[in-house]
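Please keep the structure in view while reading.

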Amino acid sequence: MKYALFLGCTVPVRGMNYELSARKVAERVGLEFVEDERFSCCGFPIKAVDVETSLLMSARNLAIAEEHGVHLCTLCSACNSTLAEANKILKEDDELREMVNEQLDGLRYEGTIEVKHFARILYEDIGIETLKDFITNPLEGFAFAPHYGCHYLKPSEAYGGFDDPEDPKSLDELIKVTGADSVSYEEWDLCCGGGILGIEEDVALKMAGKKWRNLKKYQFDGLITICPFCTVMYESNQKKVEKLEGMEIGVPVFYYPQILGLALGIPPDELGFKLNRVRPTKFLEKLSSLVS
Amino acid sequence: MPVKLEKLDPEFKFRVASTPGGENVTRCFACGTCTLSCPVREIDERFNPRRIIHMILLGMKDEVLKSDFIWLCTACYACSERCPQDVGITDLMNALKNIAVEEGYVHPSYIEQIKALSQFDGLYEIGDYDNKKREKIGLPRIDRKGAVLKSIMERTGILGLAQEGGQE
């Protein structure tokens with residue numbers, strides 16, 4: 001199975017542990033990536049300024065993936081929703097697509113590919129049953145809290161009925177297939193606040209803080225994210241949230257392929273745990289005691 | 001804030017409705033599902049989607065476009081998913097911001113993003129330091145050629161915002 005890997009802006013610079021673990025996991029489960037250095041920003045940051053420019057930026061990336069004759073895989077959820085929405089618009093409106101194509105400097109998009117998030121590919125294309133067969137080191141005795149984030153599921157009309165944005169199960173099931181428990185908690189669907197971190201930092205941090213308050217009463221080993229910006233909010237800004245909200249958090253945040261990778265038997269030092277900013281020392285100790 | 005009839009612009013809602021994303025603004029029947037679903041509203045009362053839509057329908061153009069609150073939407077789509085009238089509020093908020101930009105009110109954080117995109121084709125530069133770090137942990141180098149988005153943004157007129165902003 002082949003997909004074009006769309007890294008976006010944040011992952012290759014600030015989410016190297018996400019990229020590394022996703023690549024390792026993909027290799028194990030038979031997912032092959034096509035790379036292309038022509039990929040640029042998806043268009044998400046420019047939507048607020050001019051949606052037409054954003055659409056051109058998306059279309060250009062879609063055209064590049066289409067040139068390779070493969071569907072497109074994103075790691076970032078904001079890239080996912082921006083490209084999936086643009087894809088839907090361009091597929092449905094031939095006239096608009098023609099107008100867009102005239103501005104792509106020789107590239108053309110015919111509307112033949114799909115855009116899928118890495119987690120969705122694991123869940124839908126590889127499948128939970130197949131993943132089960134690959135598990136060699138089940139994470140028994142561990143529990144993780146899933147953070148779906150917004151753009152993995154929404155706008156739902158761009159995702160053609162994938163999962164249920166009001167009651168999703170894909171990330172829970174992806175966590176459970178590793179052998180760990182998935183924590184069910186209040187207001188699981190709260191937005192991380194990342195979209196306005198550069199606009200009103202305190203509001204964004206308070207939004208992130210609310211999630212940690214909701215999770216306070218649970219015993220678990222880490223928060224699981226599938227988007228680099230959610231991780232920026234919950235991990236990179238954890239200290240700021242602690243200060244602003246007057247609370248202690250100290251909970252590690254993992255990218256989903258990091259924990260799936262462990263369950264697939266990939267050594268921890270190949271999954272980028274050294275780059276997790278809230279040091280998962282206790283977690284790794286618990287893990288090594290499990291192995292020995 | 002008191003509504004001053006003589007200051008209302010009855011054309012404003014039509015301008016919003018003719019901007020991509022704003023098409024369905026007049027469908028709103030003010031049920032408030034958006035406001036109750038909004039995670040920003042829970043933290044900061046300045047941002048209230050139902051109120052903003054009502055202001056548009058009344059024609060409070062300046063109060064909306066000059067406000068700081070239109071920039072507070074995180075684009076989480078919680079309201080859009082639940083809106084019984086399919087107003088498409090997240091896209092509507094983008095339409096409002098797009099109109100505000102046309103009128104010269106652009107939030108400074110976007111100027112910075114346009115500058116970065118025009119230089120690096122992404123929000124961040126992937127420089128030597130990053131590539132060394134990437135190679136050290138076993139990731140491939142990324143050498144973007146750059147300037148692709150600059151020419152797109154130049155053609156659509158967005159790049160000019162950063163240049164004007166840069167001179168201020």
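In the second largest pocket of this predicted model, helix α7(B) gives the largest share of the lining, 5 residues. The space in this second largest pocket comes to about 850 Å³, and 41 residues line it, of which F44(A), G194(A), G195(A), F229(A) and L123(B) lie nearest its centre. The elements that each supply at least two residues of this lining are α4 and α9 (228–236) of chain A together with α6 and α7 (108–120) of chain B. By class, the lining of the second largest pocket divides into 26 nonpolar, 12 polar and 3 charged residues.

Two or more lining residues are given by each of α3, α4 (77–92) and α5 (94–101) in chain A, and by α5 (78–82) and α6 (89–102) in chain B. Here the lining of the largest pocket holds 13 nonpolar, 11 polar and 11 charged residues.

One is an open sheet of 4 strands in the order β2-β1-β3-β4 (chain A), with parallel pairing. Its edge strands, each of which pairs on one side only, are β2 (32–34) and β4 of chain A, and neighbouring strands of the sheet are turned by 45° against each other on average, with direction ignored. Within this sheet, strand β1 (residues 2–6) of chain A runs parallel to strand β3 (residues 71–74) of chain A, the two being joined by 4 bridges; A4(A) has L72(A) in β3(A) as its bridge partner. Strand β3(A) in turn pairs in the parallel sense with strand β4 (residues 115–117) of chain A over 3 bridges, where T74(A) has H117(A) as its bridge partner and L72(A) stands opposite V115(A). Helix α6 (residues 118–134) of chain A packs on this sheet, touching β1, β2, β3 and β4 of chain A, and its direction makes about 90° with that of β4(A).

What is the strand order in the other open sheet of 4 strands in chain A? The order is β6-β5-β7-β8 (chain A), and the pairing is parallel. Strands β6 (181–182) and β8 (253–255) of chain A form the edges, each pairing on one side only. Strand β5 (residues 143–146) of chain A and strand β7 (residues 222–225) of chain A pair in the parallel sense over 3 bridges, and A145(A) finds its bridge partner in L223(A) of β7(A). Helix α11 (residues 256–263) of chain A lies across β5, β7 and β8 of chain A and runs at about 75° to β8(A).

Finally, a pair of helices links the two chains by contact. Helix α3 (residues 51–67) of chain A packs with helix α9 (residues 148–156) of chain B at an angle of about 145°, their axes lying 10 Å apart, and the crossing of α3(A) and α9(B) is right-handed. On the side of α3(A), T53(A), L56(A), M57(A) and R60(A) take part, and these meet V148(B), L149(B), I152(B), M153(B) and T156(B) in α9(B). The residues of this contact of α3(A) with α9(B) divide into 6 nonpolar, 2 polar and 1 charged.

Notes. Residues are numbered from 1 along each chain as its sequence is written. Chains are lettered from A and ligands numbered from 1 in the order in which they are written. This is a predicted model: local features need pLDDT of at least 70, side-chain atom pairs count only at pLDDT 80 or more; totals for chains, interfaces and linings use all residues. Side-chain values use heavy atoms; hydrogens and water are left out. Two strands pair if DSSP finds at least two bridges between them. Axes are lines fitted to C-alpha atoms, for helices over the stretch in contact, and angles run from 0 to 180 degrees between N-to-C directions. A crossing is left-handed if the near helix is turned anticlockwise from the far one by less than a right angle, and right-handed if clockwise. Contact means heavy atoms within 4.5 Å. Ala, Val, Leu, Ile, Met, Phe, Trp, Tyr, Cys and Pro count as nonpolar, Asp, Glu, Lys and Arg as charged, and the others, Gly among them, as polar. On a 1 Å grid over the protein atoms alone, a cavity is a set of points where a 1.4 Å probe fits but cannot get out, and a pocket is an open set with protein on both sides within 12 Å along at least five of seven lines; lining residues have an atom within 4 Å of a point. Grid points are joined across faces, edges and corners, and a volume is the space filled by probe spheres set on the points.
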